[in-house]
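Work through the exercises below with the sequence and the model at hand. Each task is followed by a worked solution.

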Amino acid sequence: MTSNPNTPSNGDDSPVDPLAEMLKNLMGGQGMGNIDPAELAKAAGLPNDPNMLQQMFAQVQAMMSSTSEGPVNWQLAHENARRVAAAGTDPSVNALQAREVDEALRLAELWLDPVTDLQATGLIGRAWSRAEWVEATLATWKRLTEPVANSIANALSDALTQQMPEEMKAMMGGTSSMLQNMGGAIFGMQLGQAIGALSAEVVSSTDIGVPLADLEMALLPANVAKFGEGLSVPENDVRLFLAVREAAHARLFVQVPWLRGHLLGAIEAYARGIHIDLSRVEDLARDLDPGNPEGIQEALSQGVFTPERTPEQSAALEKLETALALVEGWVDELTAAATENMLPSAVALRETVRRRRATGGPAEHAFSSLVGLELRPRRLREAAALWAALKDERGIAGRDAIWQHPDLLPTAHDLDDPAGFTERRRLAEASETEVDDALQKLLEGGYDAPKDEENTADSPEAPKPEDGDSPDDTEPGEPKA
């Protein structure tokens, strides 16, 4: 059997796929030229921890021969997130911390009762370590990031296919699945890194404004203590203030059951529409020097995977940002009302939380760079002002009634002009009433009736006098003249 002269042989007359051999050597630990696995990890933005890298590459090696179930290797993402969460100090929650969190959340529910028409949830307050937060939220992260991962994986695959010479395409053979697995492993490692780092910053299950854990109400004691560092505020006050925010989030998402799906659906709609500029990916692949990991990292940080904004993307993003702002503004307003007479430090803590949510932490920035999406309420202050105005105008029950249906929610225009919301809503409702009346008339056939008949339709028909007769003025029984 004769082998292709352009395809090396392995000595037994069977052709060797050079790309497959290269990847097998790399993932098998045999090395590839002068490229060090530590340098590859540095280029990917991963920590330079020898033990961690050894475990990662061992896992990747095992996965190269298996079939990936999707664009992300979630097992690797899970394990990497847990590893990063535990890399610092992540002590298990002790009995005292669990009791303090439970008492804070119970008290928070009592403080919220007078300031909202939404009923208490009855949820049990939880105290989580960072690793427990990862476990409780990973399913939602998977839901949020898979559409993004699909778009990125497709873009990379298309770019490789377009750039690859024809003879290389013929040699690919079974290596395509290996490449897909490698891409899923790399994205999984990066995503796990971002989620694990985020676990060191969040203080509760709803801290980023999205209910990552369904029907849960929890605080992370280690991160609550970290949040209060340098504020000159008693730790108990910090815990109570953050507990009120968490309880307000939980109350909103439990008592408004459509809201969680509305938010997650808006994120998914945005992610599904992501389109990667293939020319930028091709330029990156063509211009980079594999021996310069710093250059690779710099190029990736410049946003090569930043999605191109389409009209549909802009609409989805505006819907998402408005929804996030409305949720955070409502929680901000309720927390202020519930704590203003209870905690002397409430005003200072409110401003601290507002600034923190507006800027985001390092891990949140890393996550937004990875998936091309920021989960920050840019218009929190405008939304809080809108909810405050609605409370003054309609009362607590009238304000909270707006959450009854997504069609009732204020729009981005309403955040621009909170004072004009009620008048715009009145005009819209009046217009809808006119349409409903016209539709009902059409269904009843009112528009088909002749004009004269329509005018007399509601009055009894008078008897017609006979020809030559004059109006009858005679008394009953009296003969006519």
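A crossing of two helices is called right-handed if the near helix is turned clockwise from the far one by less than a right angle, and left-handed if it is turned anticlockwise. The model used here is predicted.

**Exercise 1. The chain as a whole**

Task: State how many helices and strands the chain has, and what percentage of its residues is buried.

Solution. Start with the secondary structure: it consists of 20 helices and two strands. Next, take burial: of the 481 residues, 42% are buried. Finally, consider the contacts with a separation of 6 or more: 78% of them join residues 24 or more positions apart.

**Exercise 2. Helices α14 and α17**

Solution. Step one is the geometry: the axes of α14 and α17 (residues 380-400) lie 8 Å apart, at an angle of about 65°. Step two is the class of the angle. Step four is the contact itself. On the α14 side it includes W330, D332 and E333, and on the α17 side W387, R399 and D400 are among the residues. Sorted by class, this contact of α14 with α17 holds ten nonpolar residues, one polar and five charged.

**Exercise 3. Helices α11 and α14**

Task: Decide whether α11 and α14 are roughly parallel or antiparallel.

Solution. First, locate the helices: α11 spans residues 258-272 and α14 spans residues 311-339. Their axes come within 9 Å and cross at roughly 150°. An angle over 145 degrees counts as roughly antiparallel, so α11 and α14 are roughly antiparallel to each other. The crossing of α11 past α14 is left-handed. Among the residues that meet are L259, L263 and Y270 from α11, and Q313, L317 and V327 from α14. By class, the contact of α11 with α14 comprises twelve nonpolar residues, two polar and one charged.

**Exercise 4. Residue T335**

Task: Is T335 buried or exposed?

Solution. Begin with its place: T335 belongs to helix α14. Buried means under 20% relative accessible area. T335 has 1% relative accessibility, so T335 counts as buried. Leaving out residues up to four places away in sequence, T335 touches F241, V244 and R245.

Technical notes. Residues are numbered from 1 along each chain as its sequence is written. This is a predicted model: local features need pLDDT of at least 70, side-chain atom pairs count only at pLDDT 80 or more; totals for chains, interfaces and linings use all residues. Side-chain values use heavy atoms; hydrogens and water are left out. Helices (H or I, at least four residues) and strands (E, at least two) are DSSP runs, numbered from the N terminus. Buried means under 20% relative accessible area, exposed over 50%, partly exposed in between (1.4 Å probe, protein chains only). Contact means heavy atoms within 4.5 Å. Axes are lines fitted to C-alpha atoms, for helices over the stretch in contact, and angles run from 0 to 180 degrees between N-to-C directions. Angles under 35 degrees count as roughly parallel, over 145 as roughly antiparallel, 65 to 115 as roughly perpendicular and the rest as oblique. Ala, Val, Leu, Ile, Met, Phe, Trp, Tyr, Cys and Pro count as nonpolar, Asp, Glu, Lys and Arg as charged, and the others, Gly among them, as polar.
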